[in-house]
Each structure stands twice: as structure tokens, then as C-alpha cells.
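Please open the structure in a viewer and keep the selection tool at hand.

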Amino acid sequence: MMKTKVTIQEIAHFTGLSKFAVSRALSGKSGVSDQTRDVILKAAGKLGYFKDNAALSGDVHNSNDLNDPQNIRWSGTILILFPNVRYQNQESVYWGPVFNGISSRLNQKGINILTLTEPSTDQLFTLLNPDAIRGIITVGSISTPILLEIKRLGIPVVMVDHLDPVFHSDSIFTDNFASMRDIMLYLLRKGFKRFQFVGNIHDAHSFYERWLAYSSVLMGHGIELDQIPELSSPDLEDFRKTFSSLFNETNLPEVFVCANDFYALSTIETLEDMGIRVPDQCVVTGFDNVYNDIPVLASVNVNKELLGARAVDQMLWRIINPESNVEKKLILADVIIREHFGRHSG
């Protein structure tokens, strides 16, 4: 008869310790002494807990390894899940470097990589063998139905640049709020007073955080938002047509604050098509620093490879600490100011 999985109760009985102490020790949480943790881990090893437990299939060298993923010999496969959106893939100037950071770190650890563009919910179970996948790292915005299917799989998940209220998991973000706040405070110090935000705040959680920082700084300084709704939820296909229908040389804001450099590029090109010169007649700012040759006054240099690498680090930590609270990690980014693309406010 096949042996059943070793339980926490069996380890507790074997050691004479409480189930609470065993659970804390196995999940790497505080509340037990190093000596007690050592006793529990050795007992768990003798009973075959780690062989049975999919949460820790790396080879454990010593009792401290549960808290230190660096010392574990890893194996298996991590799935990298991209959304089915043309600008969120490996070839993207933004997501490409993020993927490189993920794959480099996984290669360092000797973990296999499987990449998948977002499948339909029907496909997910047929494409994946949950027993063969150690964890899933999602890159960018993933649809809620897919996340619900992943939740049913019971596989550890780390999201890069995405949150969803129906599926709580570890996530890695650039500190979007802090960076956009710094840009806005700089613009206010320069004397600008008339702004419009450009970018679909529903497309990505990062865009929404940037919008929150933009609007909160203006409100905090007594400046009315006066936001044109078509600019904060634009349709990319009709962006230029919509934009050019809203403005002419007489009603321009002083600054178009864009959700990212892609929107900044589209804004600048549309303005130029309209015969409006940037930065002579108005100023544009971006975010993500993916284009070096467009006249944006400010952008934010996101360490995209680091986002990917830290997502892997979080995944490895999560695999060996499955019961710990969900974590959201923020990585500070550098605001880039290009004074030669600015102008004196009027």
C-alpha cells in the first residue's frame, strides 16, 4: 500500500512538540528557537516530509536553508506567463528586459524555463501538469479568468507589475507612485500649472498608480484636475484621431504627463502632425525610459532586469515559505530630467 504524505501531526508526535511549533519551523516563521527548529527539520527529514512535500523539492543542505534560498540546489520548471497582448511580450522594449532578468536568474539556479503566451482557460489544464511546475511568474496584466484557473492549480505565483483583487499573490513593482510624485513636484517647482494625463489607467495597475500620484500631487497643491476623460482611458487604435480632435494651438495644456514612454511618443508624434512643436509650445513627460531620442522633459529609468530577477528571488522564497503572508515588493527607480527638452512656463 502506498505511503500517505507525512503530516505536521506526525512530525509533532515524533518530536513531542506542538503542531504550532512544527508548522512555524517548516514555514520558516519566527516563534521557535534555532535549536527547536533544527530538531523539527531533522525529524521531518527522517520521516520523509521533504520528499513528499512539493513545496520544497530542492535539496536541503542544512537547517538554515529553509530561510535562505541561496543554499538550496534547485530543480524543476518555472512557467513564465505572458499576456496575449502584442506589446507585452519578449520582444517588447519594456517586457523583454524583464524576461531577461527572470531567465538569467533561473539559469543561475539551474531551473528550467517554460514560456507561455496567455492561453484560454480551457487550455490551461491541458497544457500544464501542475506536478511538473514549481511556480508561475506572470509578466504584465493577466486576465482574471486565467488567474482563477491558476488559483485552482494551487501553484505558487509571483506577479510582475500586476495586482488582481480576486487573486492575492506576491508581486514585484517599480515604485510607480514615488517616481511620478517626484516628476510632478519637479514640474510644479518649474512653475507649470496646466496639465493633462495621457494613458489608459485601466490597462495596467502601474498606470493607475502613476495616475494616483499625478492627481494627488495636483490636489495637494490646490490645482484643479480638469482631466479630459478621453485621455485617461484612450483607445490606442484611435488615439491620434481622438487626441487631435481635442486640441489646437490655443487650448494646449503646458504639460502632457504620460503614463509611459509609449504614450509620450504617440503624443509627441500626434502634436507634430498637428504642427505643434515640442517642447517649444508644450512639454511632454514619459515613464520607463525606453526611448532615448524623443523630446521628453522627464522619464523614469526602471531597472527592468532587476524586476525580473527579484521576481525569481521572491518565487524561490515563496516555494519554501508557502504559508507566509502575501508580499508586495517595491523597487525604487531613478527619475531622469532632461532640462534641454524643457522650457520656461508661461
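Begin by selecting strand β7, residues 255-258, together with β8; the two run parallel and are joined by 3 bridges. This is a predicted model, and every stop of the tour should be read with that in mind.

Now extend the selection to the whole sheet. In which order do its strands lie? The order is β6-β7-β8, in an open sheet of 3 strands with parallel pairing. The edge strands are β6 (195-198) and β8 (283-285), each of which pairs on one side only. Direction ignored, neighbouring strands of this sheet are turned by 20° against each other on average. As background, strands of a sheet pair through backbone hydrogen bonds, in either a parallel or an antiparallel manner.

Remain with α8 for a check of its length. The helix has 14 residues, which should span 20 Å at 1.5 Å a residue; the end C-alpha atoms are 20 Å apart, so the two values agree. Which residues of α8 are buried? They are Asn176, Ala178, Ser179, Met180, Ile183, Met184, Tyr186, Leu187 and Leu188. Just after α8, select Gly191, which takes a positive phi of about 100°.

Return to Leu187 and display its surroundings. Apart from neighbours within four places in sequence, Leu187 is in contact with Phe192, Phe195, Val255, Val257, Thr285 and Leu297. Leu187 also belongs to the largest nonpolar core, which has 72 residues; Leu187, Phe195 and Phe256 are those with the most contacts inside it. Helix α13, residues 304-320, gives the most to this core, with 7 residues. There is also a second, separate core of 14 residues, which includes Ile133, Ile136, Ile142 and Leu153.

The next selection is helix α5, residues 95-109. The buried residues of α5 include Trp95, Phe99, Ile102 and Leu106. Against what do the buried residues of α5 pack? They pack against β1 (77-82), β2 (112-117), β3 (133-139), β4 (157-160) and α13. Gly110 follows α5 and has a positive phi, near 75°.

From there, move to Thr77, which lies in strand β1. Is Thr77 buried or exposed? Thr77 counts as buried because its relative accessibility is 16%, and the cut-off for buried is under 20%. Leaving aside neighbours within four places in sequence, the contacts of Thr77 are Ile111, Asn112, Ile113, Leu114, Ala132, Ile133, Arg134 and Gly135.

Finally, clear the selection and view the whole protein chain. It has 13 helices and 11 strands. Of its 346 residues, 51% are buried. Among contacts with a separation of 6 or more, 68% involve residues 24 or more positions apart. The protein chain exposes about 16500 Å², of which carbon and sulfur atoms supply 49%.

Key. Residues numbered from 1 in each chain as written. Predicted model: local features only at pLDDT ≥ 70, side-chain atom pairs only at ≥ 80, totals over all residues. Heavy atoms only, no water. Core = buried A, V, L, I, M, F, W, Y, C linked by side-chain atoms within 4.5 Å. Buried < 20%, exposed > 50% of the residue type's maximum accessible area, 1.4 Å probe, protein only. Helix = DSSP H or I, 4+ residues; strand = E, 2+ residues; numbered from the N terminus. Contact = heavy atoms within 4.5 Å. Pairing = 2+ DSSP bridges. Axes fitted to C-alpha atoms, helices over the stretch in contact; angles between N-to-C directions. Areas by Shrake-Rupley, 256 points an atom, 1.4 Å probe, with all protein chains shown as cover. Expected span 1.5 Å × (residues − 1).
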